[in-house]
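Hi,

I am handing over the structure we talked about, together with some notes on what turned up in it. Have a look at it first, and then read on below.

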Amino acid sequence: MDWIGLIDISKFVVAAAPYGGPIALMKDESKAVVSNVKPIISVYNAAGKLLSQLRWNSGHILQLGWSNTEELLCIQDDGVVLIYDIYLNFKRTFGMGQEAKDVKVLDCRIFSSFQGTGIAVMTTAFRIFLITNVEDPRIRRLAEIPGLNSAPSSWAIINMDRQSRALVAKEAELYLVDHGGQYQQQNPEISDVGSYVAMAVSFNSKYLALFTDTGSIWIGSSDLQKCFCEFNTKSRSRPDQLAWCGNGAVVALWDRLMVVVGPDKDWIKYNFDSPVALVQEEDGLRVFGNDVHEFLQKVPHVTEQIFKIGSMEPGAMLFEACREFQKRSQKADEYVRMIKDRLDLAIDQCIQAAGHELEPARQKQLLRAASFGKCFLTDYQPAAFVNMCQMLRVLNQTKHHSVGIPLTYTQLEHLTTPVLIDRLVVRKLFCLAIKICQYLKIPESEGSSRILAHWACYKVQQKSVDEETLARAISQKLLDVPGVSFKEIASEALEQGRKQLAIKLLDYEPKASEQVPLLLKMEQDQVALSKAIDSGDSDLVYTVLLRMKEKLSNSGDFLMAIRTSPIAYSLYLQYCKQQNPTLVEELYYQEDNFLDNGNCKVIRSFVEEMLEDRIKRLEEAKNCYDRAKNEFASKQTEEQMKLLKYQRRFEEELSRPYMDLSLHQTIYSLVVEGNHKAAELLRKEFRVPDKRYWLLRAGALAEAGDWTELEKFSKSKKPPIGMEEFVEVCMKQNNRTEAAKYLVRVSADKKVKCLVQMGKLKEAAETALENRNEEELNFVLTKCVNTDKQLVDTVRAMRNELYTKK
């Protein structure tokens with residue numbers, strides 16, 4: 001350990017994280033000479049290298065512990081939990097309820113639940129409150145133990161059926177309580193017991209160890225229904241620590257004496273030169289003290305198969321064959337022949353055994369044996385061998401004292417490689433993390449790109465470096481790296497109070513949608529507006545404009561700020577046209593833009609409900625058009641006002657709705673309703689062209705069914721329209737009889753079309769033939785496609801006759 005000669009762990013409160021995690025130390029106040037001094041919390045890696053220190057300035061700490069994400073949990077006696085990262089930067093805090101705050105916490109437990117890392121506290125009122133996830137703390141109160149008037153002799157948290165329950169020992173009585181208000185008294189098979197003084201739950205929560213005041217260790221299932229063994233340690237004193245070695249043995253520690261007890265009463269005793277601390281792991285037990293950090297585990301079954309004396313397992317024979325081959329002995333061939341039918345099993349055993357070894361030399365021996373065995377197989381899939389080689393290289397690197405994360409292959413399988421990489425990033429070992437990602441061929445977006453982004457966020461925290469230099473260094477490293485968001489790096493720079501650096505970094509962000517919100521947050525409104533306009537995203541421009549308008553309460557200041565940008569100003573006008581038309585008129589008036597101001601007033605006139613208000617708006621619009629010297633718009637506005645007045649007059653006289661109709665629609669409606677004098681009045685007043693008026697009136701009379709008036713109208717004077725128009729309006733009302741009256745007056749060149757409209761296809765073909773017009777015959781033929789075949793043949797014959805004559 002790097003702390004040799006500096007640390008005596010017997011004088012410290014120790015909290016070590018599993019999976020090769022960091023170690024937190026704090027002076028044990030009960031053993032301190034001076035007790036009124038605020039303690040110092042120190043965090044070391046597993047190799048004893050100091051990572052960070054913090055002078056504690058809050059309440060009395062009851063217990064230290066670690067979450068499954070390597071966050072330090074500091075539990076105070078008032079129920080407040082403070083959470084720090086491994087560099088002792090404060091993250092967040094929460095409380096364990098009002099009762100814990102009022103009556104104080106007596107004891108607490110940190111445990112792994114199905115949802116994450118949980119915390120349970122026992123108040124001085126002997127009630128238990130727990131949360132099952134420090135990321136989402138929801139406090140639950142467990143059932144009370146009947147007759148519990150003093151502190152329990154021991155207690156622990158057990159995960160059963162995806163629920164966390166407390167096992168509480170009231171001297172010789174055991175109670176299992178849950179948050180549903182239920183408690184059950186447990187009666188395990190155990191000999192004479194005065195009280196249970198210690199408990200330990202296995203790493204997988206399936207097994208339980210109880211230590212009694214008579215010195216016995218009871219080992220069984222966590223539901224206490226099955227007893228594996230009961231071992232007498234012959235020591236009545238309570239052990240300093242009771243823990244599990246993996247899930248297969250119980251370890252009791254008294255000062256410098258450690259006893260390991262298996263489920264079959266087999267046991268081992270270890271003596272240490274100095275005090276040690278124990279950390280439960282998935283597949284073993286970490287033991288560290290003032291000098292060394294060791295790992296205790298049950299010998300894996302596959303390792304035993306290979307190295308057991310006299311073993312005839314395929315893996316053992318292959319390992320021996322490889323050794324003989326290296327000695328150039330012919331025995332190698334004999335060993336291989338003995339296992340030729342089970343050679344694939346032998347290779348797998350050597351690969352698995354290499355994964356369980358911690359020493360690189362032994363790993364190489366086993367992998368060399370596996371590689372030797374592969375030479376005799378043609379169809380062996382090398383994926384497992386390659387994967388093991390890669391994983392062992394990674395583990396050997398992270399196990400190095402400079403990194404200080406001693407993991408086994410079993411632990412890495414559970415932890416997963418991405419989590420290991422995240423832990424390297426947290427420790428700021430960016431280079432090693434990137435090399436591992438490249439070695440394992442992890443996609444850049446999930447590997448090196450993400451790590452470089454974290455590196456950049458770390459760099460911006462270094463305030464000793466010049467901002468220009470730092471921005472250039474980060475951009476050079478990350479500019480061509482896919483998947484890196486400069487916005488996140490700039491956000492980190494802003495949180496560190498480096499505003500100019502954040503602005504410089506945002507220049508490298510390719511997405512305007514990421515740039516603009518952060519620029520607005522930094523109050524760089526003009527820059528944000530420029531970026532939004534360059535992006536071509538109108539929604540983004542509107543976002544900036546509305547934010548600027550909200551911030552600049554004075555309308556004049558806001559308009560001055562955006563007037564320099566024609567695009568922004570134009571978009572703002574578009575917005576105002578929908579949301580605030582009055583403001584648009586004011587803006588146009590200030591700019592002497594009389595034409596657009598008049599247009600706005602015309603549009604607003606249609607919103608007015610009262611005729612007088614509408615006329616007033618249109619008069620204002622006419623004045624604007626006059627000032628803009630637009631005679632056409634002025635004249636049209638004047639005529640619109642005149643039409644509105646006529647429409648109001650007709651509504652009053654005829655009791656029918658005419659408002660908001662166009663001039664043509666008004667005349668048409670009047671004719672349909674038989675108000676010919678009013679229609680004639682509008683024609684003269686608005687100088688409607690004769691041709692247009694005749695078309696309107698003919699259509700209206702036909703729709704009204706006033707056939708007499710229509711015939712009279714067609715003979716009133718020389719019509720400006722052809723008789724074919726009268727035929728068309730009659731046929732629109734499906735009246736062939738009336739249409740026939742006008743057919744004789746239709747000019748020869750229009751007659752074929754009229755006959756087709758009336759459905760007289762044969763007569764139309766004959767007329768076309770008389771006119772000797774091939775185009776008209778083809779037109780008739782197209783209309784005959786869906787009629788009777790005889791007519792089609794007749795028309796084709798006419799067309800052929802016309803060809804012959806030509």
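**Helix pairs**

Lys487, Ala490, Ser491 and Leu494 of helix H13 are in contact with Glu514, Leu518 and Lys521 of helix H15, contact meaning heavy atoms within 4.5 Å. By class, the residues of this contact between H13 and H15 are three nonpolar, one polar and three charged. Here Ala, Val, Leu, Ile, Met, Phe, Trp, Tyr, Cys and Pro count as nonpolar, Asp, Glu, Lys and Arg as charged, and the others, Gly among them, as polar. H13 covers residues 486-495 and H15 residues 512-521, and they pack at an angle of about 10 degrees with their axes 10 Å apart. That makes H13 roughly parallel to H15.

Before going further, a word on the source: this is a predicted model, in which local features need pLDDT of at least 70 and side-chain atom pairs count only at pLDDT 80 or more, while totals for chains, interfaces and linings use all residues. Residues are numbered from 1 along each chain as its sequence is written, and side-chain values use heavy atoms, with hydrogens and water left out.

As for terms, helices (H or I, at least four residues) and strands (E, at least two) are DSSP runs, numbered from the N terminus. Axes are lines fitted to C-alpha atoms, for helices over the stretch in contact, and angles run from 0 to 180 degrees between N-to-C directions. Angles under 35 degrees count as roughly parallel, over 145 as roughly antiparallel, 65 to 115 as roughly perpendicular and the rest as oblique.

Helix H27 (residues 707-714) and helix H29 (residues 736-743) also pack at about 10 degrees, and their axes lie 12 Å apart. H27 is therefore roughly parallel to H29. On the H27 side Trp707, Leu710, Glu711 and Ser714 make the contact, and on the H29 side Glu738, Lys741 and Tyr742.

**Strands and hairpins**

Six of the six residues of strand S19 (residues 216-221) are buried, that is, under 20% relative accessible area, with exposed over 50% and partly exposed in between (1.4 Å probe, protein chains only). S19 pairs with strand S18 (residues 207-212) in the antiparallel sense over five bridges; strands pair if DSSP finds at least two bridges between them. Phe211 stands opposite Ile217 of S19. Three residues separate the strands in the hairpin of S18 and S19, where Gly215 has a positive phi near 90 degrees. Five bridges also join S19 to strand S20 (residues 227-232), again antiparallel, and Ser216 faces Asn232 of S20. The hairpin of S19 and S20 has five residues between the strands, and Leu224 in the turn takes a positive phi of about 60 degrees.

Strand S25 (residues 276-280) is largely enclosed by the rest of the structure, because four of its five residues are buried.

An open sheet of four strands has the order S13-S14-S15-S16, with antiparallel pairing. S13 (154-160) and S16 (183-186) are its edge strands, each pairing on one side only.

**One residue to look at**

Is Ser52 buried or exposed? At 9% relative accessibility, Ser52 counts as buried. Ser52 sits in strand S4 (residues 50-55), and its side chain reaches the backbone oxygen of Ile86 at 2.8 Å.

Best wishes

Terms used:
A polar contact is a pair of N or O atoms within 3.5 Å; within protein, one must be able to donate a hydrogen and the other to accept it, and residues adjacent in sequence count only if both atoms are side-chain atoms.
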